[in-house]
Amino acid sequence: MYIRNKLSWQLPDSAVTSQSNYVGRRQFLRTFGLGLAAGALLPSVAPAATFGFPDSLNAAESLPGVKLTPYDNILAYNNFYEWGLEKGDPKENSNNGWKTEPWTIEIGGMCTKPGKYDVDDFIKAVGGIEQRNYRHRCVEAWSMVIPWDGFALSKVVAMAQPKPEAKYLQFTSFMDPKNCPAQRSQDFPWPYTEGLTLPESTNELAFLATGIYGKPLLNQNGAPIRLVVPWKYGFKGAKSLVRIDFVAQQPKTLWNQMAPNEYGFYANVNPGVDHPRWSQKTERIIGAGFFGGRQPTLKFNGYEKEVAGLYAGLDLRQNF
Ligand code: MTE
């Protein structure tokens, strides 16, 4: 693991969570037979330091315009359609016995080093966990700032060694109709899938998250591992991943299949391109209270400097 000097995109406080602490925490829950219930029972206001995680996350709050979203809001206001359509449904329904441990993730497709990993071994293989405070902008025009734990997606690409014909990555969420009632219906083309181009995947900002606020992800946020692409609308961040595949063609994605005129493949945050049914110029800040407000939405969600180069020459209106 290495710690770099602060980069332009870094919101303050990029404390590093060691991978042994992270794995230790999952192991602790397993060893004591507490599993997810224990995670859920932990008081959400418990100091992050309780289990040896860094507790110095609040520096971000001193920066004008950057305030971390309270943990309670991040856990209770979710989109995870496998578990229901209302914002409180994922918390309520994904914690009724659905097991996200043990968990296997498979890396496959056009790469020379495919592999099937227990998720804790996967984290070890990529060299551990770091912490990043990222803006999170949903296509529904609300936003949060989340302190994620995880690692750069580029590390997985480097480990898997894509073949020359690989041009995209496809991400596949879990499929478990036995335990997930919504997946027994045909309303959505399950499993949830998403995709990125290979250059997007190796951009330094593309991230696989395994925790929030120094604690392992809870089910409603996509335990045990999910994609985070902070310059794109939140739906690109497929949760509870079971596969990442290197592919030659632009992969099908769930939302693009559902409504291609509303949800493009690129889905870069862009206040200049409205959703057909609402404006994307501003966003409601979750956790800021009823009058706490709205703020202008930034192009590429504020990460233009880091990612605009990926789209040089591309018409972002056509390729929304
Ligand atoms: N992943 C899966 N598997 N299923 C989903 O319904 N919703 C997406 C994304 N990932 C979704 C998903 C959407 S629309 C958003 S905004 C984010 O997850 C929400 O992440 P959060 O609930 O952790 O804020």
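I began with strand E5 (residues 168-173), which pairs with E10 in the antiparallel sense over 6 bridges; two strands count as paired if DSSP finds at least two bridges between them. Helices (H or I, at least four residues) and strands (E, at least two) are DSSP runs numbered from the N terminus. I looked up Tyr168 and found Val247 as its bridge partner in E10.

I noted that this is a predicted model, in which local features need pLDDT of at least 70 and side-chain atom pairs count only at pLDDT 80 or more, while totals for chains, interfaces and linings use all residues. Residues are numbered from 1 along each chain as its sequence is written, and side-chain values use heavy atoms, with hydrogens and water left out.

I then followed E10 (residues 241-247) to E1, to which it runs parallel with 4 bridges, and Glu106 has Arg243 as its bridge partner there. On E1 (residues 104-109) I also found an antiparallel pairing with E2 (residues 115-118) over 4 bridges, with Thr104 bridged to Asp118 and a hairpin of 5 residues joining E1 to E2.

I wrote down the open sheet of 5 strands as E2-E1-E10-E5-E6, with mixed pairing. Its edge strands are E2 and E6 (193-197), each of which pairs on one side only.

Next I turned to the helices, with axes as lines fitted to C-alpha atoms (for helices over the stretch in contact) and angles from 0 to 180 degrees between N-to-C directions. H6 lies across E1, E2, E5, E6 and E10 and runs at about 110 degrees to E5, contact meaning heavy atoms within 4.5 Å. H5 (residues 119-126) and H6 (residues 153-160) pack at about 85 degrees with their axes 10 Å apart, and they are therefore roughly perpendicular to each other, a term that covers 65 to 115 degrees. In this contact Phe122, Ala125 and Val126 of H5 meet Lys155, Val156 and Met159 of H6, a set that divides into 5 nonpolar, no polar and 1 charged; Ala, Val, Leu, Ile, Met, Phe, Trp, Tyr, Cys and Pro count as nonpolar, Asp, Glu, Lys and Arg as charged, and the others, Gly among them, as polar.

Key
Angles under 35 degrees count as roughly parallel, over 145 as roughly antiparallel, 65 to 115 as roughly perpendicular and the rest as oblique.
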